[in-house]
Every structure is written in structure tokens, then in C-alpha cells.
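Q: I have not looked at this one before. Can you walk me through it?

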Amino acid sequence: LPYLTRHLLEPSLIFVRAAAMASPGAPASSGTAASEIASALEQRGSEQEAEYGRSSPSRCPEETKDSRSSPSRSPEDSRTGRARSTTAAPERVTVLPPHCRVLTVGDGDFVFSEALADARCPMNKGMLVATNLDTEDEEVAKYAAAQGRLARIRAAHGEVICGVDATRLGDSPLAGQAAFDRVVFNFPLLPVGRILSNGARGSEVHLENRALLVKFLESAPSVLADDGLVVVASKDCFPYSWWRIEAMPEWSGGKLALAAVLPWQNTEYPTLYDGPCNVNRDAAVKPTDAVIFVFCRAEDRDRHCFPISLWCRGFAGCHPMAPSPGPHFCPICKPGGLGLLSAKELAAHKAGKIHKKRAGLEQQWLARGGAGNGASMSGGDSDAARCNGQDVGDDVGVARVPPDVDSPRPEKMKK
């Protein structure tokens, strides 16, 4: 726009001025009109100069870089030069403060544990324990960078324990360890080999991953400090959102409660971990569309629940202070319930293809005893488990193995 102002607007201004001066016999109204146009053009040019910081018409846009730091103007984007919004930045939340003793589980190639150890360096011994399901020999054989990464974690006074099952933390090699202030499971995902060995296909893959997390949340309290928190980073998009992580405390025995669902970018995660996280030798999960689920002990929810202003908007309905979705709502298609205006709208929603697929998934979950007393299907959606009389079968989610893999693993593997 500064370029266009100089080459299009300013010549027009000169032309109008010349026309006004070259017509001495013209009616006064014509001269007045010309003057008004000239004034308008001058005002517009001044506005554009103020907006883009041009101190002189002869300067090119490339020459205005130094003026972008001027305190008298609105802040600008360093890439586009356009004025940025002056609204306050969202409040940052530190999920893993330096004084907390942290346990990472299922860390794949240990890239997150290494980043955390590096950020905390120097670190007291025992403040970080990094674990994975594979043995150390399997880890080194699977990931080319694993040997050096494990060595760096240990050199930073972190402890590495391989062969830890995240669903059986109480009777794992962690037995006898001091309790942890944070238990962290980033982008949980069953390896493809495990899914295939379990014979899971189609919608069963969603249920296998859901069951993994439910068992993890059942197990986590056995190693969690009294005031500790369980942190799960996952993605808010299909198929991960169909696991319904926010509803898992009621399926995992009720020992934990949801304390927050935080936007990824509002925590320290982006400074630690930019992914992808390797979960198998040919599979990775990118932290795009990511959110951070935080769980606390159920009896301490009033004390540990984060303010609703910090929660992801899409999950605010799960906050204990959130308003009710109303009498006509679907409890499975939106965290906290999808409120609708009337019974007619609710019936139309239930007749939709996506709802039928999601209701079919919940029906299968209930059939395998995953939801215990079926609380997830309560709240006015009693026929959701029957899928409105439709048999959706294995078409739920139209998922096929491997449905949860975002991209090939980027780093070169050892042969």
C-alpha cells in the first residue's frame, strides 16, 4: 500500500491540484470540489503513512524496517509489516514448574524427556524420571538417536527406566519410588503392532486407544503425590477427539477429576517440544491442534481446578462452574454437552450421520464394559446407545489401521 500510495495516489493528487489551478474561469463550485477532493486525498495519504510508518514519500517499503519499532505506532507483524492487534496476550500457564518431580511415561523416542531435562539444567537428581514400554535394547534398535538421547538425559541428572507399562505403574519398575508431582503422558497412542496383535479393526481401534488411557488414569494415582497432577497432551481433532479424554475420569474409577483443558500454545509446551513424537519406528504424532488435559485427585478438584478463563473454549462446558447445556442436549458430540434449542433440533441432530457414528462408538464401548455404569450416555440422550435404531457396525469413524498416524517418522532409522 505505501508503494501504491506513492505511485497512484500522489500522481492523482498532483493532477487534481493542477486541474484546479489551470481553470481560473471555472465556477467556484468546481474549484471547491477540486479542493475537497485534494484534501480528501491528502488526508487518506496521511492516514496510510501513519498506518505503515512511512516517514517520507521517497522511501520504499523495504526501507521502513527501522521505523517498525517506533513506540508511537501500533505494534506490527515482523513478517508482513501490518499492524497487529493490541489486545492483551492470553495468560500463560506453567504446567511443569521446575520444583516439581516429573514422571514421563510412554515417551516414545524420549524427545520430550530430553527437552525437559535440557530446559531444567542444572537439575537435581531425581527430579525427572523418563520411562517407556520398550526395553533399552529395543529402544536403541528402534530409534537412531535413542542412544545419544538417553545418555544426555542421564548426564543432566535425569533417570531413565525402560520397560515401564503406563497401565500398570504401581507394580512396574517404579515400585518403591517416591511419589511424583506430575505424571505426564504425551500423545498417547498404541503402536500399530500392538493394535494388530489385539485384532482391532475399524472402530475398535478408537476403543483400544481409549482403553489404554482409561487404564493409565486408573494406574496413575498409585505413583502420584497427594497434591500432584496428571498431564495428558493430545489432539483436538478426529480421531483423537472421539476418545473423549475429558470423560475418562468417570470410566477409570473416579479417583481423578478433570482440572483443566488448556490450549497448547498457552503453556510452556511449545518451548519444549515441537514434535513429532515417535510412537513406533514408522509412526509419529505432530502437536498440531493439541490441547493439554490436566487431572487432579477427585477430592481436591475444588482446590486444583483451573479458572474457566484459562480453559480451551471447546471444553469450557466441562468446567464445574459452566452453565447447563439445557434440557435438549447431546452429551457425546461436544465436551460438556451440545445444547440445542428444542426437542425437534435434538432429534434432527441425532438423525445426522456423524452423531450416529459417534453414538455407535459409545454403544460398542458400553458393550465391552468400558463405561462402567454408563454415565457417559446420560443426560437426555438415552437412545444414543441404540444409534437411533441404526446398526452402524464397523463403519463407525470409517477408521482403518493405522488410523491415528499423522506422518512418517522424520528421522532416519538404523537398519
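The chat below goes through the sheet, the helices and a few single residues.

Q: Before we start, what sort of model is this?
A: It is a predicted model: local features need pLDDT of at least 70, side-chain atom pairs count only at pLDDT 80 or more, and totals for chains, interfaces and linings use all residues. Residues are numbered from 1 along each chain as its sequence is written, and side-chain values use heavy atoms, with hydrogens and water left out.

Q: OK. What is the strand order in the open sheet?
A: The seven strands run β3-β2-β1-β4-β5-β9-β6, and the pairing is mixed. Strands (E, at least two residues) and helices (H or I, at least four) are DSSP runs numbered from the N terminus. Two strands pair if DSSP finds at least two bridges between them.

Q: Which strands stand at the edges?
A: β3 (159-162) and β6 (256-263) do. Each has a single partner strand, so one side of each is left without a neighbour in the sheet.

Q: And how much is the twist from one strand to the next?
A: It averages 20°.

Q: Which helix packs on the sheet?
A: Helix α7, residues 203-219. It touches β1, β4 (180-186), β5 (224-235), β6 and β9 (290-297), where a contact means heavy atoms within 4.5 Å. The direction of α7 makes about 165° with that of β5. Axes are lines fitted to C-alpha atoms, for helices over the stretch in contact, and angles run from 0 to 180 degrees between N-to-C directions.

Q: Let's stay with β5. Is that strand mostly covered or mostly open?
A: Mostly covered: ten of the twelve residues of β5 are buried. Buried means under 20% relative accessible area, exposed over 50%, and partly exposed in between, with a 1.4 Å probe and protein chains only.

Q: How many bridges join β4 to β5, and how many join β5 to β9?
A: β4 and β5 run parallel and are joined by six bridges. β5 and β9 run antiparallel, with seven bridges. In the β9 pairing, L229 stands opposite C296.

Q: In which sense do β1 and β2 pair?
A: β1 (residues 102-105) and β2 (residues 128-132) pair in the parallel sense over three bridges. V102 has L128 of β2 as its bridge partner.

Q: Switching to helices. At what angle do α3 and α5 cross?
A: Roughly 35°, and their axes come within 9 Å. α3 covers residues 111-120 and α5 covers residues 146-155.

Q: Left-handed or right-handed?
A: Left-handed. A crossing has that hand if the near helix is turned anticlockwise from the far one by less than a right angle, and is right-handed if clockwise.

Q: Which residues make the contact?
A: V111, S113 and E114 come from α3, and R149, R152 and I153 come from α5. By class, two are nonpolar, one is polar and three are charged.

Q: Now single residues. Where is C312, and what does it touch?
A: C312 is in the loop between α10 (301-304) and β10 (329-330). C312 is buried, at 10% relative accessible area. Leaving aside neighbours within four places in sequence, C312 is in contact with V261, L262, P263 and V291. L262 is 50 residues away from C312 along the chain, yet their C-alpha atoms are separated by 5.4 Å.

Q: What about H319: buried or exposed?
A: Buried, with a relative accessible area of 7%. H319 is also found in the loop between α10 and β10. A polar atom of the H319 side chain lies 2.9 Å from the backbone nitrogen of M321.

Q: Which peptide bonds are cis?
A: One runs from C121 to P122, with omega near 0°, and P122 lies in the loop between α3 and β2. Another joins F238 and P239, with omega about 5°. P239 lies in the loop between β5 and α8 (248-251).

Q: And which residues other than glycine have a positive phi?
A: F187 does, at about 50°, and so does R244, near 60°. Most residues other than glycine have a negative phi. F187 lies in the loop between β4 and α6 (192-197) and is buried, at 2%. R244 is in the loop between β5 and α8 and also counts as buried, at 5% relative accessibility.

Conventions
Ala, Val, Leu, Ile, Met, Phe, Trp, Tyr, Cys and Pro count as nonpolar, Asp, Glu, Lys and Arg as charged, and the others, Gly among them, as polar. A polar contact is a pair of N or O atoms within 3.5 Å; within protein, one must be able to donate a hydrogen and the other to accept it, and residues adjacent in sequence count only if both atoms are side-chain atoms.
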